[in-house]
Amino acid sequence: IIRVEGDGLETPNLKKLDFSSNSLTSIPTLKFGSLEILHLGFNKITQMEGDGLETPNLKKLDLSSNSLTSIPALKFGSLEIMDLQKNKITRVEGHELETPNLKELDLSSNSLTSIPTLKFGSLEILHLGFNEITRVEGDGWETPNLKELDLSANSLTSIPALKFNSLEIMDLQNNEITRLEGHELETPNLKELDVSSNSLTSIPTLKFVSLEILDLGFNNITRVEDERWKTPNLKKLDLSSNSLTSVPALKIDSLEILYLRFNKITRAEGEGLETPKLKELDLSMNSLTSVPALKLHSLEIMDLQKNKIIQVEGHDSETPNLKELDISWNSLTSVPALKFGSLENLHLGFNNITRVEGDGWETPNLKKLDLSWNSLTTVPALKLHSLEILNLGSNKITRVEGDGLETPNLKKLDLSSNSLTSAPGPKLGNPIYCDCVAAWLVVNQNFLDRVRVICNNGTKCQELDLDAMKSCPAPCPYMIVDATLPEEVGKNNTECIKHGRYETGTVVEYECNQYYILKESRRRICKTNGQWSGRNQFCEPGGKPSGIGKWPWQAAIYDIKNELLICGGALIREDWVLTAAHCLAVDGTARLRPKDEFLVYLGKHYRNDSLDDEFVEKRKVSTAILHSGFNRYNFDSDIALLKLSHPVELTERVQLICLPTYQFLHFSEANLEDGNIGWVAGWGANGSDIPSDVLTEIEIPVLSNVNCLRETIKRKGKGATQTLNSQSFCAGHDEEASKDFQLVCSGDSGSPMVFYTQALRQWQIEGIVSHYLGKKRCSMMLPGEYGIFTRVNRFLDWILPKIEDAR
């Protein structure tokens with residue numbers, strides 16, 4: 001559309017009008033008395049005059065992603081929200097606007113270099129992120145209701161000396177700020193200040209009377225002033241990803257949460273800390289060699305994972321209210337009898353523990369003990385009357401004897417991925433329930449033959465077969481290869497095994513479900529050596545653009561507030577979707593948006609909801625979880641989970657995608673080797689910067705991080721590679737690719753990158769679309785500019801416990 005005439009339209013009740021993604025060059029002359037929402041984003045508008053619009057009830061105007069160079073001089077008495085992000089605006093003047101009720105103004109991703117004194121009497125939220133601002137005028141602002149100010153991703157070198165009595169939230173992430181002084185700000189109601197991802201090296205004594213949350217992560221801070229801070233209401237302080245070598249001796253009476261992860265801390269002494277209300281302390285990913293002897297009577301949660309701890313002593317710590325202690329991913333070889341009177345959860349996984357003391361534990365409230373991924377050869381003889389969950393998965397246990405265990409309330413025992421040659425006997429307590437929970441046992445035919453356990457209903461485990469498990473929900477996608485059994489050509493005692501037993505000479509034919517293409521031969525024969533002829537078959541999605549139902553695990557995340565399909569996701573359980581953290585965060589921050597602002601669609605193909613058929617399933621969100629390490633500006637830990645209001649119904653159009661597993665981690669790593677091909681589907685922008693109308697797929701190769709860094713530095717300089725780390729990977733086409741190369745674009749975020757793992761005969765999620773190196777529009781991207789994906793196998797120890805804990 002290049003022209004719109006509003007005079008001839010008789011629509012007295014029209015409230016919403018969407019002209020986005022067209023070819024308009026100016027604002028259409030509209031006359032709609034009832035219109036409340038007008039979308040004009042993704043056009044080619046260079047100028048806009050408000051005189052031609054007769055829309056007395058217009059509340060929201062979207063002019064994002066156009067070519068405006070200044071804020072249009074509008075006259076809208078009713079306007080409350082105006083979106084001007086991603087234009088070419090170089091200056092902003094507040095007096096030009098006659099919008100007395102304007103509450104939210106978005107000017108992010110433009111070309112602003114300075115901000116003068118503004119006058120917006122009703123304005124509550126102002127977004128100025130992702131510009132090139134070096135200066136902000138502090139005096140003379142007339143914004144008496146301004147509550148939230150976003151100045152992230154600019155070029156500020158110091159905190160602007162602002163005077164805002166009403167301001168509650170200020171975001172200064174990803175600037176070039178080198179010093180932090182609290183007395184320069186006259187913001188008596190400021191509650192949240194984010195100065196992460198800057199260039200701070202030290203923190204002086206701060207004075208923020210109303211401040212509740214202060215984020216100083218991802219700087220280069222080596223020293224924190226230990227004088228008593230004048231922050232009587234500060235509850236959360238984030239100093240993660242800095243260069244601290246010891247725990248700062250903070251004196252903050254109100255502090256409840258302290259994050260010190262990703263520093264260089266080698267020692268932690270509790271005597272210097274005067275934080276009588278501290279409940280959560282995160283010291284993960286430092287260089288501690290022992291559990292710190294802290295004296296924090298209020299502490300409830302302490303995270304020490306991924307340090308270098310070699311010993312743990314429970315009696316050295318004066319933490320009488322400690323409920324959760326995480327010492328996983330350290331260097332422990334043994335665990336003595338611990339004494340934590342209030343402890344409920346103890347995580348000791350991913351160490352090298354060979355021995356656990358059974359007697360003498362004084363942990364009367366311990367409910368969950370995780371000893372997975374260690375080197376235990378037998379089940380430790382624990383005497384823990386309160387214990388309900390014991391995880392011993394992925395050890396080297398060869399036998400299980402229940403006599404030594406005194407755990408009368410034990411409800412769940414995990415012995416997966418060990419070296420057992422026979423199933424545990426009945427001495428461990430409750431009988432085995434041979435329902436869907438035991439499906440894993442039935443599939444493993446060789447192991448099933450050696451089981452000597454009787455089910456609670458009297459059935460012998462050896463008598464179970466796959467038919468008994470047909471109604472069970474699948475942990476991974478249902479088999480998409482169907483085998484039919486024609487006549488048997490010959491008979492003897494030699495057998496081929498494939499989901500059952502077939503005699504020599506049996507001919508098996510394979511076919512794929514709709515939307516899949518069979519790879520390898522359609523027919524195989526059971527040979528005299530007990531093996532099937534030919535190579536393993538598998539079904540591969542085929543066709544472009546994506547066929548309906550081709551990627552049945554693909555989720556679409558819909559933003560109810562902004563009425564947009566914003567991101568993709570992957571269905572990993574019937575009621576859980578994996579996506580990117582930035583999809584669920586408040587723009588430009590690491591703060592989680594309310595869960596009620598999202599809907600999730602499964603089985604969806606068309607962007608337009610009116611084209612959905614009866615196979616599309618829609619769910620509300622009951623729980624949204626961002627990774628605690630997520631940082632919006634370097635995209636670290638860009639991963640999130642959505643729990644659906646109720647489970648989906650698995651159909652041919654809605655299926656699960658497999659997660660990598662610790663047991664077969666080497667297959668996951670092999671998928672991500674340089675040059676391997678993966679698939680991504682999504683509704684992101686196409687080469688013309690227009691959001692796709694249908695689910696679209698691309699096939700792209702992985703590029704090793706080393707090669708990705710080398711090529712990106714050569715093309716863009718070293719600064720462009722700061723968002724690539726060991727928890728992410730690159731994918732895309734190099735400079736020699738043809739002009740019709742494919743890549744991920746804006747709107748594809750959160751979508752899974754999947755691979756067919758032939759050894760396991762299953763599709764598997766390895767990546768989540770996070771971002772791409774550069775801020776260009778899709779139409780401006782060139783070969784050699786790569787997408788960055790969150791590396792899923794690095795977050796299994798986060799994903800699985802979150803799902804388990806929510807049960």
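Ala, Val, Leu, Ile, Met, Phe, Trp, Tyr, Cys and Pro are classed here as nonpolar, Asp, Glu, Lys and Arg as charged, and the others, Gly among them, as polar. The structure is a predicted model, in which local features need pLDDT of at least 70 and side-chain atom pairs count only at pLDDT 80 or more, while totals for chains, interfaces and linings use all residues. Residues are numbered from 1 along each chain as its sequence is written, and side-chain values use heavy atoms, with hydrogens and water left out.

The classes apply to the cavities. On a 1 Å grid over the protein atoms alone, a cavity is a set of points where a 1.4 Å probe fits but cannot get out, and its lining residues have an atom within 4 Å of a point. Grid points are joined across faces, edges and corners, and a volume is the space filled by probe spheres set on the points. The whole structure holds five cavities of 30 Å³ or more.

The second largest cavity has a volume of about 60 Å³. It is lined by 13 residues, of which Phe635, Ser637, Gln727, Ser728 and Thr790 are the closest to its centre. Three residues of this lining are nonpolar, eight polar and two charged. Strand E43 (762-772) and strand E44 (787-791) each supply at least two lining residues; strands (E, at least two residues) are DSSP runs, numbered from the N terminus. The most comes from E44, with three residues.

The largest cavity has a volume of about 80 Å³. Of its 12 lining residues, Gly549, Trp551, Gly603, Lys604 and Leu695 are the closest to the centre. This lining divides into three nonpolar, six polar and three charged residues.

Aromatic pairs come next. Rings of Phe, Tyr and Trp (its six-membered ring) pair if their centres lie within 6.5 Å; planes under 30 degrees apart count as stacked, over 60 as edge-to-face and the rest as tilted. The count by this rule is 13 aromatic pairs. Phenylalanine 350 and tryptophan 373 are stacked, because their ring centres are 5.4 Å apart and their planes at 5°. Phenylalanine 350 is in the loop between strand E21 (345-347) and strand E22 (355-356), and tryptophan 373 in the loop between strand E23 (368-370) and strand E24 (389-391), so the pair ties together parts 23 residues apart in sequence. Relative accessible area is under 20% for buried residues, over 50% for exposed ones and in between for partly exposed ones (1.4 Å probe, protein chains only). Phenylalanine 350 is buried at 17%, whereas tryptophan 373, at 25%, is partly exposed.

Tryptophan 551 and tryptophan 679 form a tilted pair, 5.4 Å centre to centre with 40° between the planes. Tryptophan 551 lies in the loop between strand E32 (538-541) and strand E33 (554-559) and tryptophan 679 in strand E39 (residues 677-682), 128 residues apart. Tryptophan 551 is buried at 5% relative accessibility, and tryptophan 679 is buried at 9%. Ring pairs join Trp551, Trp553, Trp679, Tyr756 and Trp763 into a cluster.

Charges also sit over rings, meaning that NZ of Lys or CZ of Arg is within 6 Å of the ring centre and within 35 degrees of the ring normal. Arginine 261 lies over the face of tyrosine 259, 4.5 Å from the ring centre. The charged end of lysine 306 is over the ring of tryptophan 329, 5.0 Å from its centre.

Definitions and conventions: Helix = DSSP H or I, 4+ residues; strand = E, 2+ residues; numbered from the N terminus. 1 Å grid on protein atoms, 1.4 Å probe; cavity = no way out; pocket = protein on both sides within 12 Å on 5 of 7 lines; lining within 4 Å.
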